[in-house]
Amino acid sequence: MGYEVEKTDAQWREELSAEEFHVLRQAGTERPFVGEYTDTKTEGVYSCRACGAELFRSETKFDSHCGWPSFYAPLAEDRVEYIQDKSFGQVRTEVRCATCGSHLGHVFEGEGYGTPTDLRYCINSVSMKLEPVSETAEG
């Protein structure tokens with residue numbers, strides 16, 4: 001598809017764990033309520049675990065109680081891409097990393113959360129890596 005970061009499946013398999021490969025490269029989903037970042041309140045930037053592209057900021061993370069980390073907006077619209085997903089007999093909007101094409105999760109609209117965008121980016125923890133704000137950067 002012409003991503004900035006392109007690798008073969010063999011290369012991705014060498015770099016990612018089996019679970020990471022399944023979610024990021026095969027559009028899998030981790031089990032709810034078990035992800036590393038589901039309940040995290042740490043300030044920082046969430047990056048794509050596959051390529052390191054910055055995707056979301058902790059300021060846009062909110063408690064949706066859905067079992068996965070939820071954000072109301074990406075860092076910038078050019079950081080993610082949207083793909084219509086017709087799997088499981090429904091139409092959803094898949095969210096992928098715009099830099100490498102890795103599956104992140106899905107975005108849902110109109111669920112009534114009190115967020116500025118009325119969107120819920122439901123993202124797999126295994127798709128991301130949190131870079132906490134360092135103590136020196138705060139001071």
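**Val 107 and its surroundings**

Author: Leaving aside residues up to four places away in sequence, Val 107 touches Tyr 82, Thr 93, Val 95, Leu 119, Arg 120 and Tyr 121. Contact here means heavy atoms within 4.5 Å. This is a predicted model: local features need pLDDT of at least 70, side-chain atom pairs count only at pLDDT 80 or more, and totals for chains, interfaces and linings use all residues. Residues are numbered from 1 along each chain as its sequence is written, and side-chain values use heavy atoms, with hydrogens and water left out.

Val 107 lies in strand β7. Strands (E, at least two residues) are DSSP runs, numbered from the N terminus. Val 107 has 12% relative accessibility, so it counts as buried. Buried means under 20% relative accessible area, exposed over 50%, and partly exposed in between, with a 1.4 Å probe and protein chains only. Val 107 and Tyr 121 are 14 residues apart in sequence. In space, their C-alpha atoms are 4.3 Å apart.

Now follow Tyr 121. A search of the whole structure finds 6 aromatic pairs. Rings of Phe, Tyr and Trp (its six-membered ring) pair if their centres lie within 6.5 Å; planes under 30 degrees apart count as stacked, over 60 as edge-to-face and the rest as tilted. The ring centres of Phe 56 and Phe 71 are 4.4 Å apart and their planes stand at 20 degrees, so this pair is stacked. Phe 56 lies in strand β2 and Phe 71 in strand β4, so the pair ties together parts that are 15 residues apart in sequence. Both Phe 56 and Phe 71 are buried.

Ser 102 sits in the loop between β6 (92–97) and β7 (103–109). Ser 102 is buried, with a relative accessible area of 0%. Its side chain makes a polar contact with the side chain of Arg 25, at 2.9 Å. A polar contact is a pair of N or O atoms within 3.5 Å; within protein, one must be able to donate a hydrogen and the other to accept it, and residues adjacent in sequence count only if both atoms are side-chain atoms. Ser 102 also touches residues including Leu 24, Cys 48 and Val 95.

Methods:
Helix = DSSP H or I, 4+ residues; strand = E, 2+ residues; numbered from the N terminus.
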